[in-house]
Amino acid sequence: MIALPPLALYVHVPWCVRKCPYCDFNSHGVGREQALPEREYLEALLADLDADLPLAAGRELVSLFIGGGTPSLMSASFYRQLLEGVAARLPTARDIEITLEANPGTLERGRFAGYREAGINRLSLGVQSFQDAQLQALGRIHSGRDAEAAVLEAREAGFDNLNLDLMHGLPGQTPELALDDLERALALAPEHLSWYQLTLEPNTEFHSRPPRLPEEEVLWDIQDLGHERLERAGLLRYEISAYAHPQRRSRHNLNYWRFGDYLGIGAGAHGKLSAVDGDAGLAIERRWKARQPEAYLRRARDPRGFIAGHSPIADEELPLEFAMNALRLVEGVSLARWRAATGRPSAVLEARLEHARKKGLLVEDADRLQASPQGLLFLNELLALIGME
C-alpha cells in the first residue's frame with residue numbers, strides 16, 4: 001500500500017504595519033492604527049479550510065504554522081477561535097507543533113500570554129538585527145531593546161520553544177557587527193535560530209534601489225565565523241539557514257524540506273497535496289489562494305471558492321522539486337528515499353553524482369544524496385550539475 005507523506009497546515013495573515021524594503025512575501029502595510037477585519041478573516045479562513053478538507057481525507061496534522069505579514073497584529077482571541085476551529089475539523093498529533101510568527105514592534109504588553117493560552121506553543125520572532133542603525137536601514141519598526149524585551153516576555157508567558165530570525169550581509173555590516181548580533185541572540189538562549197543572508201529579491205524596494213551591501217570576501221568571513229560560533233554554542237546546523245538544539249528543529253519546516261504535504265489557507269497561501277493514483281503511485285498537486293486580502297475576503301461569498309490556481313507536479317518535474325528541498329538539509333536524503341519519492345531509478349543519477357563528488361559538492365556516500373558544506377553554499381550549481389535543473 002502506498003503511504004501518504006505527513007500533513008501540515010500553513011495559515012497566512014497578510015497584514016503588517018509597514019512593508020519592509022527587502023520583503024517579497026505577500027504582505028500589505030496597514031499602519032499602526034487601522035483596525036483589521038479579524039472576525040471576517042477568521043470566518044474566511046475556516047471556510048477556506050472547509051473547502052480543502054476533502055483533500056486531507058481525515059489525515060492527522062503534525063504541525064501548524066501561522067506566517068505573514070505580521071500575525072502578531074491579530075488578537076489572542078482570534079487565534080484561540082482559529083485553533084479551536086482547526087481542531088474541530090482535523091485530527092491533530094498529540095504533540096503538534098503550533099508556531100506563530102511575531103514582530104517585536106507590534107506587541108502589546110501581555111499579548112504573548114494570551115497566545116500561549118490560545119494553544120500556540122512555538123514562537124518565531126522576526127528580530128533581523130539587534131543594531132538600531134541596521135534595523136532602520138531594513139525598515140523595521142522595532143529596536144534591539146524591543147527584541148530583547150519581547151524574548152523576556154515570551155519566556156515569562158511560558159514559551160520554551162523559541163526561534164529568532166536573524167539576517168546577515170546587511171548594508172554596511174562588518175564581521176564584527178554580524179558577530180555582535182549573534183552574541184546578543186545567543187545571550188537570549190533561543191532553542192532555534194534562522195540565520196540567513198539578505199538577498200535582493202525582484203519586486204522589492206531594495207531590488208529597484210539597491211543598498212550598498214558588503215563585499216563578497218566580507219560575506220564569506222561573516223558566514224564562516226558565524227557558523228563556527230553557532231555550532232560552538234550548541235545550535236547545530238540542520239538546513240542551509242537553520243540552527244537548533246537537537247530536539248528543537250522546526251517540525252513544520254522539516255516537513256517542507258522532506259517533501260511532506262501541507263494545506264495552505266489564507267490570502268496568497270500555497271499548499272502541496274498528494275493523493276494515491278492507483279498503481280501509478282502518488283499524484284501531487286500545488287494549489288494557491290487569492291492573493292489580495294480584499295479579493296480573498298470576497299471569495300468567501302464566491303461559489304468558485306478561494307482557489308486562485310492549481311497545478312499538478314509532472315513526473316519529469318519531481319526530481320528537481322524533491323532535490324531542491326531535500327538537498328537544503330544537512331542530512332540530505334537516502335537514494336532509496338529519492339527513488340521512492342521520484343519514481344526514478346538511482347542509476348539515472350550515478351554518473352552525475354560521481355562528478356559532483358569529485359568537485360566537492362556532495363558527500364562521499366554511495367547510498368545518500370547529501371550536499372557537502374561547499375554544496376550547501378552552491379546549491380544551484382549542485383542541482384545543475386546533477387541534472388536537476
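Me: Which residue forms a salt bridge with Arg209?
Reply: In this predicted model, the partner of Arg209 is Glu205, and the closest N and O atoms are 3.2 Å apart.

Me: Are those two buried or exposed?
Reply: Arg209 is exposed, with a relative accessible area of 56%. Glu205 counts as partly exposed, at 40% relative accessibility.

Me: How many salt bridges does the structure hold?
Reply: The structure holds 23 salt bridges. One of them joins the side chains of Glu191 and Arg155, at 3.2 Å from N to O. That pair links distant parts of the chain, 36 residues apart: Glu191 lies in the loop between helix H6 (175–186) and E8, and Arg155 lies in helix H5 (residues 144–156).

Me: Is Glu191 buried or exposed? And what about Arg155?
Reply: Glu191 is buried, since its relative accessible area is 14%, under the 20% cut-off. Arg155, at 26% relative accessibility, counts as partly exposed.

Me: What does Arg249 pair with?
Reply: The side chain of Arg249 meets that of Glu331 in a salt bridge, with 3.6 Å from N to O. Arg249 sits in the loop between strand E10 (242–244) and helix H9 (251–257), and Glu331 in the loop between helix H11 (318–326) and strand E15 (333–334), so the pair ties together parts that are 82 residues apart in sequence. Arg249 is partly exposed, with a relative accessible area of 27%. Glu331 is partly exposed as well, with a value of 29%.

Me: Which residues are linked in a network of salt bridges?
Reply: Such a network links Asp48, Asp52, Glu285, Arg287 and Lys289.

Me: How many positive and negative side chains are there in the chain?
Reply: The chain has 43 positive and 55 negative side chains. The centres of the two sets lie 3 Å apart.

Me: Turning to the backbone, where is the cis peptide bond?
Reply: A cis peptide bond joins Gly68 and Gly69, with omega at about 25 degrees. Gly69 belongs to the loop between strand E4 (61–68) and helix H2 (76–89).

Me: What is the phi of Ala57, and where does that residue lie?
Reply: Ala57 has a positive phi of about 50 degrees, although it is not a glycine. Its place is in the loop between helix H1 (38–56) and E4. Ala57 is exposed, with a relative accessible area of 61%.

Me: And what is the phi of Asn203?
Reply: Asn203 is not a glycine, yet its phi is positive, at about 65 degrees. Asn203 is found in the loop between strand E8 (192–197) and helix H7 (205–208). With 79% relative accessibility, Asn203 counts as exposed.

Me: What share of the residues is buried?
Reply: Buried residues make up 52% of the 389 residues in the chain. The chain exposes about 17800 Å², and carbon and sulfur atoms supply 50% of that area.

Me: What share of the contacts joins residues at least 24 apart?
Reply: Among contacts between residues at least 6 apart in sequence, 71% join residues at least 24 apart.

Key: Residues numbered from 1 in each chain as written. Predicted model: local features only at pLDDT ≥ 70, side-chain atom pairs only at ≥ 80, totals over all residues. Heavy atoms only, no water. Buried < 20%, exposed > 50% of the residue type's maximum accessible area, 1.4 Å probe, protein only. Contact = heavy atoms within 4.5 Å. Areas by Shrake-Rupley, 256 points an atom, 1.4 Å probe, with all protein chains shown as cover. Lys, Arg positive; Asp, Glu negative; His and termini not counted. Charge placed at Lys NZ, Arg CZ, Asp CG, Glu CD. Helix = DSSP H or I, 4+ residues; strand = E, 2+ residues; numbered from the N terminus. Salt bridge = Lys/Arg side-chain N within 4 Å of Asp/Glu carboxyl O.
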